[in-house]
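Here is a short report on one predicted model. Please read it alongside the sequence and the 3D view.

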Amino acid sequence: MLTTNKLYFNYPTSPSVLKSINLELKPGNIYGLFGKNGEGKSTLIKIMSGLLFPKSGNCTFNGRSIQQREPETLQDIFLIPEEFELPSISIKAFEHINSVFYPNFSKEQFYNLLEEFHLKPQQIISNLSFGQKKKVLIAFGIAVNTQLLLMDEPTNGLDIPSKSQFRKVMAASVDSGKCIVISTHQVRDLHSLINHVIILDNAQLIFDESLDQVTKMLWFGRASSTEQTGLIYSEGAFGGRSVHARMDKEETEVDLELLFNGVLNEPARINQIMQNNDHGTRV
Ligand SMILES: Nc1ncnc2c1ncn2[C@@H]1O[C@H](COP(=O)(O)OP(=O)(O)OP(=O)(O)O)[C@@H](O)[C@H]1O
């Protein structure tokens, strides 16, 4: 669906924000895009939505260059940005004006989501709180039913109940034809939602793996001091949370925070283990 090939990007004042990024995003997946502050996540998402253009290499959607900004392409991509300005009109007027650009928009789905988020169509958007505005955009972003949905820090500004509501509506909205990319630092908010992890570091793509493969090859937990074989990264001294090559250990739930820290600290080692297909026993 979306492919980047040797994608390179820099701003005039920030050299090498993205270097030779090769990605292939497929339908039916929810990708978590992670990286430290300033590693280029928002920049990459803006390139994927056609708001910024690669300096070299390319970014294509169903074989078409996104930077051409053809209507056939843009009608199937929706971006929920981290920062946004919304007009001083009612939610209903916003829906009326913007939905025409998206042929798969479902009015019923949008108004059901609004109800779920406790919002009313006649409310004026500029009078809403930041979190409520974000919910309008999330509801609209889901209801446009684009093949590609890009979300930059979608849970920023949402209260605790709304975060679990977000997970619930997202899980219900994904289908085999859609591809969703969520960039966030709030890894706990994505718990049980994403099925693929992408990590950027030093302007490069350092990790790109499905959670199935992570589960198969890595073990997360608290290993005792006598169980340190295959240790890749530990959060503390012996007995702290750690990530290991799985080897013959039982399957564990992926700890995204530990995975992220492990990949940043030991990228080569983790990637080597991920490439082995024998539960890490050769490492
Ligand atoms: N408009 C701009 N002009 C110049 N430099 C920019 C601009 N926008 C971003 N940058 C720089 O590009 C780099 C990547 O920024 P970007 O916003 O893509 O990172 P990010 O990974 O999304 O960060 P965060 O996690 O803090 O949101 C940073 O060094 C940032 O300072």
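Asp201 is partly exposed, because 17 other C-beta atoms lie within 10 Å, and a residue counts as buried only at 20 or more. Asp201 belongs to strand 9, residues 196–201. Set aside the neighbours within four places in sequence. Asp201 is then in contact with Gly35, Lys36, Glu39, Ile206 and Leu264. Asn37 is 164 residues away from Asp201 along the chain, yet their C-alpha atoms are separated by 9.7 Å.

Asn202 sits in the loop between strand 9 and strand 10 (204–210). The phi angle of Asn202 is near 50 degrees, a positive value in a residue other than glycine. Asn202 is partly exposed, since it has 13 other C-beta atoms within 10 Å.

**The ligand shell**

Which residues are around the ligand? They are Tyr11, Thr13, Ser14, Val17, Gly35, Asn37, Gly38, Glu39, Gly40, Lys41, Ser42 and Thr43. Strand 2 (14–25) and helix 1 (41–48) are the elements that give two or more residues to this shell. Helix 1 has the largest share, with three residues. By class, the shell holds two nonpolar, eight polar and two charged residues.

Phi of Ser20 is near 45 degrees, a positive value in a residue other than glycine. Ser20 is partly exposed, because 15 other C-beta atoms lie within 10 Å of its own.

| Residue | Where it lies | Other C-beta atoms within 10 Å |
|---|---|---|
| Asp201 | strand 9 | 17 |
| Asn202 | loop between strand 9 and strand 10 | 13 |
| Thr229 | loop between strand 11 and strand 12 | 13 |

Thr229 lies in the loop between strand 11 (218–222) and strand 12 (231–234). Is Thr229 buried, exposed or partly exposed? Thr229 is partly exposed, because it has 13 other C-beta atoms within 10 Å, while 12 or fewer would count as exposed. Thr229 and Tyr102 are 127 residues apart along the chain, and their C-alpha atoms are separated by 53 Å.

**Helix packing**

Helix 5 (residues 130–143) meets helix 4 (residues 107–116). Their axes come within 8 Å and cross at roughly 150 degrees. The two helices are therefore roughly antiparallel to each other, as angles over 145 degrees count as such. Helix 4 passes helix 5 in a right-handed crossing. Helix 4 brings Gln109, Phe110, Leu113 and Leu114 to the contact, and helix 5 brings Ala139, Phe140, Ile142 and Ala143. By class, this contact has seven nonpolar residues, one polar residue and no charged residues.

Helix 5 also packs with helix 6 (residues 160–173). Here the angle is about 5 degrees, and the axes are 11 Å apart. Helix 5 and helix 6 are therefore roughly parallel to each other. On the helix 5 side, the contact is made by Gly131, Lys135, Ile138 and Ile142. On the helix 6 side, it is made by Ser162, Phe166, Val169 and Ser173. This contact has four nonpolar, three polar and one charged residues.

Ile142 of helix 5 takes part in the contact with helix 4 and in the contact with helix 6.

Methods: Residues numbered from 1 in each chain as written. Predicted model: local features only at pLDDT ≥ 70, side-chain atom pairs only at ≥ 80, totals over all residues. Near = placed C-beta within 6 Å. Helix = DSSP H or I, 4+ residues; strand = E, 2+ residues; numbered from the N terminus. Nonpolar A, V, L, I, M, F, W, Y, C, P; charged D, E, K, R; others polar. Axes fitted to C-alpha atoms, helices over the stretch in contact; angles between N-to-C directions. Parallel < 35°, antiparallel > 145°, perpendicular 65-115°, else oblique. Left-handed = near helix turned anticlockwise from the far one by under 90°. Contact = placed C-beta atoms within 7 Å.
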